[in-house]
Amino acid sequence: MEKTLRILVALLIVGALVAMAGCTGDDACAEEKDQNAKNKCYFDKAVADKTPDLCEQITNNDLKKDCADQAK
């Protein structure tokens, strides 16, 4: 019984860690310190992947509009 409980607890911990990793996603742009670099990163990724929703992360309005146009 004790061994089963230990295995269950270990699986719950591993599951929680995996879930947390999934929630953080793979947002390399968020790791940028400089806001201009972050904006450029989101722009480049949105245009390359054709994902205009990423343009919403850009804080510069002109760049955001240009991003939305090019990411279509």
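Accessible areas here come from the Shrake-Rupley method with a 1.4 Å probe, and for residues only the protein chains shown count as cover. This is a predicted model, in which local features need pLDDT of at least 70 and side-chain atom pairs count only at pLDDT 80 or more, whereas totals for chains, interfaces and linings use all residues. Residues are numbered from 1 along each chain as its sequence is written, and side-chain values use heavy atoms, with hydrogens and water left out.

Display the whole chain first. It exposes about 5700 Å², of which carbon and sulfur atoms supply 60%. Of its 72 residues, 14% count as buried (under 20% relative accessible area; exposed is over 50%, partly exposed in between; 1.4 Å probe, protein chains only).

Colour next by secondary structure. The chain has 3 helices and 0 strands, in the order α-α-α from the N terminus (DSSP runs numbered from the N terminus: helices are H or I, at least four residues; strands are E, at least two).

Select C29, Y42, F43, A46, C55, I58, C67 and A71: these 8 residues form the largest nonpolar core, a set of buried Ala, Val, Leu, Ile, Met, Phe, Trp, Tyr and Cys residues joined through side-chain atoms within 4.5 Å. Helix α2 (residues 35–49) gives the most to this core, with 3 residues.

Centre on C29. Leaving aside neighbours within four places in sequence, C29 is in contact with K38, C41 and Y42 (heavy atoms within 4.5 Å).

Finally, select L8, which lies in helix α1 (residues 2–24). L8 is partly exposed, with a relative accessible area of 48%.
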